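The entries below record what I looked up, topic by topic.

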Amino acid sequence: MKIAVFGLGYVGVVSAACLARDGHSVVGVDPNAIKVDFLRQGKSPIVEPGLEELIDAAVTAGRLVAGSDPAAAVAQCDVLMVCVGTPGQANGSLDLSYVRRVVQQIGAQLAGTAAYKVVVIRSTLLPGSMQSVVIPMLEESSRRKAGKDFGVCINPEFLREGSAISDYDHPPKTVIGASASVRALYAGLSAPLILTDLRTAEMVKYIDNSWHALKVTFANEVGRLCKAMGIDARHAMRLFCMDTKLNISNAYLRPGFAFGGSCLPKDVRALTYQGRLLDVDTPVLSSILASNQLHIAHALAMIRASGRRRIGLLGLSFKEGTDDLRESPIVTLAEQLIGKGYELSIYDRNVRLASLVGANREYILNHIPHIGRLMVDRPEQLLEHADVVVVASAQREFAPLLEKLPAGKSIIDLVGAWNPGEVAGNARPDGYDGIAW
């Protein structure tokens with residue numbers, strides 16, 4: 001392919017060099033004459049292991065050239081890759097001026113050609129930016145229609161400084177938003193190639209980077225606590241990382257409802273309390289329970305927004321397949337609904353008041369003393385009574401019942417009981433809403 005790379009900063013120059021190495025004909029474009037001169041001489045404008053050797057080989061072979069003329073690059077190339085920076089501003093917002101300028105330049109040149117070209121955005125953009133900024137500017141400046149007269153997609157990069165070439169060659173995933181026309185660029189990679197919508201492709205980069213930042217901060221907070229207690233945090237975290245079933249895995253990373261039970265809330269409280277005793281600030285750990293409560297409040301707000309008064313809870317225990325009600329977020333939600341005067345019915349096949357013993361029985365009777373009057377024996381009874389069905393447990397028996405829910409009733413799904421890949425026909429039930437989807 002003939003590819004133009006706009007922006008010869010970190011992402012642009014690494015992408016240009018790797019694409020040229022892979023046999024593509026690449027034109028690097030940048031208004032900075034120093035960067036252009038570096039590439040023309042076969043040199044790298046940045047420090048990155050192995051990059052200068054790639055650039056020199058590609059320039060020598062004639063597969064990589066550089067210049068400052070966007071018009072010439074658009075005329076010569078089929079794929080137009082935008083890799084300019086989106087620096088942060090003082091208030092946290094992004095400066096999209098570089099993106100706007102390059103997109104406008106590309107659009108102006110598209111207006112003068114009948115050839116079908118594909119604009120690929122590698123710059124990091126907040127969700128919605130493609131639809132609100134990039135595509136409208138391309139269409140306005142080119143007087144042509146995206147998807148018909150030219151292609152457009154976002155293809156976020158996952159490169160780390162110091163290992164960028166290895167990251168390019170061995171990515172954890174390749175994500176392309178909206179257009180599959182550039183998938184051939186990555187045909188030689190073994191990583192999964194995911195085609196998705198624009199907003200998801202934009203968002204995934206922010207999820208990745210926020211998670212990486214959270215991991216660093218979490219480890220450092222644990223380090224400060226360990227240090228104050230005379231524990232080598234490096235050894236403790238090595239033990240933590242040995243668990244690839246729950247700790248270093250996709251476990252607990254599926255959006256759903258709040259956590260609860262007899263362990264997580266108690267242990268987070270204990271650890272943050274210990275931090276206060278030792279005069280160690282733990283802002284990340286201390287925010288966990290507060291964020292968990294906000295998620296419960298969000299569910300309550302969704303129910304209140306329905307305007308209905310008769311509510312049914314499918315599920316009560318803190319976890320599917322157990323009768324443990326201790327610190328169950330569903331119990332907290334039920335308490336709040338009762339306190340606000342809602343008519344409540346509850347079904348959980350694993351919870352039988354007569355069978356509850358010890359701390360479990362004491363907990364529920366202290367929080368909802370008349371729980372027995374609210375429980376029903378069959379889910380059909382709940383569905384008949386409730387105007388709003390709140391799915392708080394992903395029991396498989398619920399899915400076929402929800403598909404047949406009478407018209408006029410609403411579903412609020414807290415656990416992902418409806419999944420387009422699992423529910424027959426993939427039809428989203430009428431009146432359905434999910435807590436995070």
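I took helices (H or I, at least four residues) and strands (E, at least two) as DSSP runs, numbered from the N terminus. By that rule Leu277 is found in helix α10, residues 264-277.

**Ground rules.** I am working on a predicted model, where local features need pLDDT of at least 70, side-chain atom pairs count only at pLDDT 80 or more, and totals for chains, interfaces and linings use all residues. Residues are numbered from 1 along each chain as its sequence is written, and side-chain values use heavy atoms, with hydrogens and water left out.

**Overall.** I found 16 helices and 13 strands in the protein chain. The C-alpha trace spans about 80 × 60 × 40 Å along its principal axes. I called a residue buried under 20% relative accessible area, exposed over 50%, and partly exposed in between (1.4 Å probe, protein chains only). Of the 437 residues, 43% count as buried.

**Surface patch.** I looked for patches next. They are made of residues with over 30% relative accessible area and no salt bridge; like charges are joined within 9 Å, nonpolar side chains (Val, Leu, Ile, Met, Phe, Trp, Tyr) within 5 Å. The areas come from the Shrake-Rupley method with a 1.4 Å probe, and for residues only the protein chains shown count as cover. Met229, Ile231, Leu271, Tyr273, Leu277 and Leu278 make a nonpolar patch of about 510 Å². Leu277 counts as exposed because its relative accessibility is 54%.

**Aromatic pairs.** Rings of Phe, Tyr and Trp (its six-membered ring) pair if their centres lie within 6.5 Å; planes under 30 degrees apart count as stacked, over 60 as edge-to-face and the rest as tilted. My search of the whole structure gave two aromatic pairs. Phe218 and Phe240 form a tilted one, 6.1 Å centre to centre with 45° between the planes. Phe218 lies in helix α8 (residues 198-228) and Phe240 in helix α9 (residues 233-241), so this pair ties together parts 22 residues apart in sequence. Phe218 is partly exposed at 29%, and Phe240 is partly exposed at 28%.

Tyr347 and Phe398 have ring centres 6.2 Å apart and planes at 70°, so I logged the pair as edge-to-face. Tyr347 is in strand β10 (residues 343-347) and Phe398 in helix α16 (residues 398-403), 51 residues apart. Both Tyr347 and Phe398 are buried.

**Salt bridges.** I counted a salt bridge where a side-chain nitrogen of Lys or Arg is within 4 Å of a carboxyl oxygen of Asp or Glu. The structure holds 12 of them.

Asp208 bridges to Lys173, with the closest N and O atoms 2.9 Å apart. Asp208 is in helix α8 and Lys173 in the loop between α7 (164-169) and β7 (174-177), 35 residues apart. Both Asp208 and Lys173 are buried.

What else does the charged end of Lys173 sit over? I checked for charges over rings, meaning NZ of Lys or CZ of Arg within 6 Å of the ring centre and within 35 degrees of the ring normal. Lys173 has its charged end over the ring of Phe158, 4.5 Å from the centre. Arg309 does likewise over the ring of Tyr342, at 3.9 Å.

Asp387 and Arg310 meet in a salt bridge at 3.3 Å, N to O. Asp387 lies in the loop between α15 (379-385) and β11 (388-391) and Arg310 in strand β9 (residues 310-314), so the pair ties together parts 77 residues apart in sequence. Asp387 counts as buried at 18%, while Arg310 is partly exposed at 32%.

Arg326 and Asp324 meet at 2.9 Å, N to O. Arg326 is partly exposed at 29%, and Asp324 is buried at 11%. I also noted a network of salt bridges linking Arg21, Asp22 and Asp169.

**Backbone checks.** Most residues other than glycine have a negative phi. Which way does the phi of Asp279 go, positive or negative? Asp279 has a positive phi of about 60°. Asp279 lies in the loop between α10 and α11 (283-305), and is exposed at 71%. Glu327 also has a positive phi, about 55°. Glu327 sits in the loop between β9 and α12 (329-339), partly exposed at 27%. Gly42, which follows α2, has a positive phi near 80°.
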